[in-house]
Amino acid sequence: MKRSVYSLVLADDIIKAVDREAARIGTSRSNFINQILAAELSCITPEMRMHAIFESLTDLIGSSFQIQQQRSASLMTLRTALEYKYRPAINYRVELDRSPERFIGTLRVHIRTQNVKLIEMFNSFFMYRAAMESERLKKIGYDCTCQLTPGVFIRRLLNTGLDGDRIADAISRYLDNLNHSIQTFFIDPSGLREYASVLEEQYKSILEKYII
């Protein structure tokens, strides 16, 4: 939704009330007024679109994830624990773009550990995963845009024309599949060659319904 600058003359008491409520919900005065007017005039703001997607995602996400307190309308953070030794946590952060064009947003996966061996295992898995996804997506005409640094994997989520509920379903299915693959790998890192074909078929089944 394009934004422009306009001048409005409002009563001081109204502005004070607006500022109090905007501060309470963690947004700016302009954005809060924009949301009020959009609701009154039945317009859809980026915040409304993102809220609807995350609300659906909350209903769809698997029980293995814990939803963390959200810090902004564009962000959802989920946490799960690896079935590995002292159960290190993995955070999945989904950040939606306000004005989606080629991408609807970004997924950031981060392992919460200082253990060098665990970080190396995490990176080893995502080197495999990024290459696998890139190969599968290229076959159907899409590029996989991702980045890997020690303990952090970042992937852009493709915009393929899905509406809100289907975006939520696509993200939910992708996260469930990704988490299952990570858990499988950490249970038996040395056996990847033996079960890789199964993981790839599971990912392929998602692509048959959603490309994201």
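Buried residues, those under 20% relative accessible area with a 1.4 Å probe and only protein chains counted, make up 42% of the 212 residues in the chain. The structure is a predicted model, in which local features need pLDDT of at least 70, side-chain atom pairs count only at pLDDT 80 or more, and totals for chains, interfaces and linings use all residues. Residues are numbered from 1 along each chain as its sequence is written, and side-chain values use heavy atoms, with hydrogens and water left out.

The C-alpha atoms fill a box of roughly 70 × 40 × 30 Å along the principal axes. The chain has 6 helices and 6 strands. Here helices (H or I, at least four residues) and strands (E, at least two) are DSSP runs, numbered from the N terminus. Read from that end, the order of elements is α-α-α-β-β-β-β-α-β-β-α-α.

Helix 3 covers residues 46–60. The expected span of a helix is 1.5 Å times one less than its number of residues. For the 15 residues of helix 3 this gives 21 Å, which agrees with the 21 Å between its end C-alpha atoms. The buried residues of helix 3 are Pro46, Glu47, Met50, Ile53, Phe54, Ser56 and Leu57. An α-helix has 3.6 residues a turn, so residues three or four places apart point the same way.

Next come the strands. Two strands pair if DSSP finds at least two bridges between them. Strand 1 (residues 66–67) runs antiparallel to strand 2 and is joined to it by 2 bridges; Gln66 has Arg79 of strand 2 as its bridge partner. Strand 2 also pairs with strand 3 (residues 89–96), again in the antiparallel sense, over 7 bridges. In that pairing, Met76 is partnered by Val94 of strand 3. Strand 2 itself spans residues 75–81, and because 5 of its 7 residues are buried, the rest of the structure largely encloses it.

Helix 4 (residues 116–139) contains Asn123. Is Asn123 buried or exposed? Asn123 is buried, with a relative accessible area of 15%. Leaving aside residues up to four places away in sequence, Asn123 touches Leu148, Thr149, Pro150 and Gly151, where contact means heavy atoms within 4.5 Å.

Contacts can also be viewed over the whole chain. Among those between residues at least 6 apart in sequence, 57% join residues at least 24 apart.

Definitions and conventions. Buried < 20%, exposed > 50% of the residue type's maximum accessible area, 1.4 Å probe, protein only.
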